[in-house]
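Have the model open alongside as you read.

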Amino acid sequence: MEQIRELQAYGYFFFTVFLTVVLYAYIVHLYRAEKKGTRNYEKYGKLALDDELHRAPVEPNEDEDEMKENKEKK
Amino acid sequence: MQNAALEYDYSVAKWFTYLAIIFGIVGMVVGTYIAFELAFPELNNLFGQYGTFSRLRPIHTNVVAFGFTLSGTFATFYYVAQRVLKVSIAESKTVHGIAKLHFWLYLVLAAWMVVSELMGYTTSKEYAEMEWPLDVLTVVVWVLWGIAMFGLIGMRREKTLYISMWYYIATFLGVAMLYLFNNMEVPTYFVTGMGDWMHSVSMYAGTNDALVQWWYGHNAVAFVFTVPIIAIIYYYLPKESGQPVFSYKLSLLSFWGLMFVYLWAGSHHLIYSTVPDWMQTMGSIFSIVLILPSWGSAINMLLTMKGEWNQLKESPLIKFMVLASTFYMLSTLEGPIQSIKSVNALAHFTDWIPGHVHDGTLGWVAFMIIAATLHMAPRFYKREIYSKKLMEMQFWIQTTGIVLYFSSMWIAGITQGMMWRAVDQYGNLAYSFIDTVTVLHPYYTIRATGGLLFVIGLFMWAYNFVKTMQSDRVLEKEPAFASPMGA
């Protein structure tokens, strides 16, 4: 019984450390992606503001465009 | 690029808005009535078995949660999803048809729920009172919503899903999982040939049943009262104020934080019960950690108003939303405090708990749904909102109501908790139960009065909405940000 408790305690500790690392890694990932220029997360705030149907999308969905092109070809 | 005549189709959003108004009034009139019953018990006898507290209480909770809040959620979903995905639901007859079917079946389910619970059919599981045939219909309704949701996502022109969509998707997935597991039940008539065909018993027994029930019960709060309302505020506050979200990155971080942490907090409902001690501790700890993602979203919303606080003075809609966000912060601090074991020893089973629930549901949930529907009204009908003054009055009357509600319940709850555990020098209980009831009477009356004020505000909301539909102040084009409103 004591051994199980000890294992539980180690498990609990390392799991907490793991989750903390995941949390901070996610924050680092968000900032790094912006710094490298692969993503600009803040521009997505515009998705709520520029939401008229006839305005150009903030980031066009290429799948949608491809589908339309294919339809037109047919 | 697109067909010039194409427009967003608000039909389903409008229908769900009407339902939100109707269910808001029904659910909260019943709630206020039973609050008066607690203060004046003779009111229990007015309508025979149909008017008793025990019969009406599940109707109050179910109608406000699954009638009012979910109608508000669906109404805003069918509005927001089209806009942030830049796609009209009318572009696909199938998706539009499914959305309409979703509405009509939901209406049948909601009506059946009210009638069956009034007749006394209940599983006796809190917030999961609906009997098995209604549960089956719930699954159908929910799946239809999912098809409409992912149908719209599949048609989108906007590649990235706005944060509100993440929260709507989480609502869909979270409720689906919780609902299925907690409502596993055995229809007694079909298995044993005995009893009423509507009746069922839970598949779980004893402590296991309690654990599954509160895993569900607390997460019903999470995925009905929190997650979809965050979806709503992340769209409507930026849009009404014309300000982009303060930090989109913070919104993402808060999202994942909330998703991970919330699901573990339910066992705080079972502190000092027969569930394993480690599980109770886990519930407490996760509840405390939950402050972080909750406040992450709330602070993000308040900071969105940075440099624009003049709007708080000028627009009643902004007032509703900023106060909603503030109540969300209050509520998500109060809940974790109540889940600390030593505080829970005092607070559990007292009126402090409904006090806590109501500063969240009235201040956060109802205020956001009210604000969202009034923001949509000028876009639905191409008319100005009928009266700004009426909205201002509604805001102050309802805020007063909420303050009366939670302050009276704080005092009542703590008084009750202290009296229950007071002992004399020999360890005998100092008070009998009726002593607490006598002491609490004035607070129960104040609470019911607070509820009454809130309900008066709901009628003002409904009146303002209907008058907006009929207003002759027609708008030439859809307003971009702040909703135009008549004096």
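## Helix 4 of chain B and its neighbours

The buried residues of helix 4 of chain B pack against helix 2 (53-85), helix 3 (93-118), helix 5 (163-182), strand 1 (185-187) and strand 2 (200-202) of chain B. Here helices (H or I, at least four residues) and strands (E, at least two) are DSSP runs, numbered from the N terminus. A residue is buried if 20 or more other C-beta atoms lie within 10 Å of its own, exposed if 12 or fewer, and partly exposed in between, with C-beta atoms placed from the backbone. The buried set in helix 4 of chain B consists of B:Trp132, B:Leu134, B:Thr138, B:Val141, B:Trp145, B:Ala148, B:Met149 and B:Leu152.

Helix 4 of chain B covers residues 132-154, 23 residues in total. From first C-alpha to last, this helix reaches 33 Å, close to the 33 Å expected at 1.5 Å a residue (the expected span is 1.5 Å times one less than the number of residues).

## About the model

This is a predicted model, in which local features need pLDDT of at least 70 and side-chain atom pairs count only at pLDDT 80 or more, while totals for chains, interfaces and linings use all residues. Residues are numbered from 1 along each chain as its sequence is written, and chains are lettered from A and ligands numbered from 1 in the order in which they are written.

## Helix 5 of chain B and its partners

How do helix 2 and helix 5 of chain B pack, and at what angle? Their axes are 10 Å apart and the angle is about 140°; axes are lines fitted to C-alpha atoms, for helices over the stretch in contact, and angles run from 0 to 180 degrees between N-to-C directions. That makes helix 2 of chain B oblique to helix 5 of chain B. As for the classes, angles under 35 degrees count as roughly parallel, over 145 as roughly antiparallel, 65 to 115 as roughly perpendicular and the rest as oblique. Helix 2 of chain B contributes B:Thr73, B:Phe77, B:Val80, B:Ala81 and B:Val84 to the contact, and helix 5 of chain B contributes B:Ser164, B:Met165, B:Tyr168 and B:Thr171 (contact means C-beta atoms, placed from the backbone, within 7 Å).

Helix 7 of chain B (residues 206-241) also meets helix 5 of chain B: their axes come within 9 Å and cross at roughly 165°. The two are therefore roughly antiparallel to each other. Residues of this contact divide into 19 nonpolar, six polar and no charged; Ala, Val, Leu, Ile, Met, Phe, Trp, Tyr, Cys and Pro count as nonpolar, Asp, Glu, Lys and Arg as charged, and the others, Gly among them, as polar.

## Chain A and the interface

Chain A has three helices and zero strands. Of its 74 residues, 9% are buried.

Between the chains, 21 residues of chain A are in contact with 25 residues of chain B. Helix 2 of chain A supplies the largest share of the chain A side, four residues. That side has 12 nonpolar, three polar and six charged residues.

## Two positive phi angles

Most residues other than glycine have a negative phi. B:Lys86, in the loop between helix 2 and helix 3 of chain B, has a phi near 50°. Is B:Lys86 buried or exposed? B:Lys86 is buried, with 25 other C-beta atoms within 10 Å.

B:Phe349 has a positive phi of about 70° and lies in the loop between helix 13 (341-347) and helix 14 (352-381) of chain B. B:Phe349 is exposed, with 11 other C-beta atoms within 10 Å.

How values were computed:
Contact = placed C-beta atoms within 7 Å.
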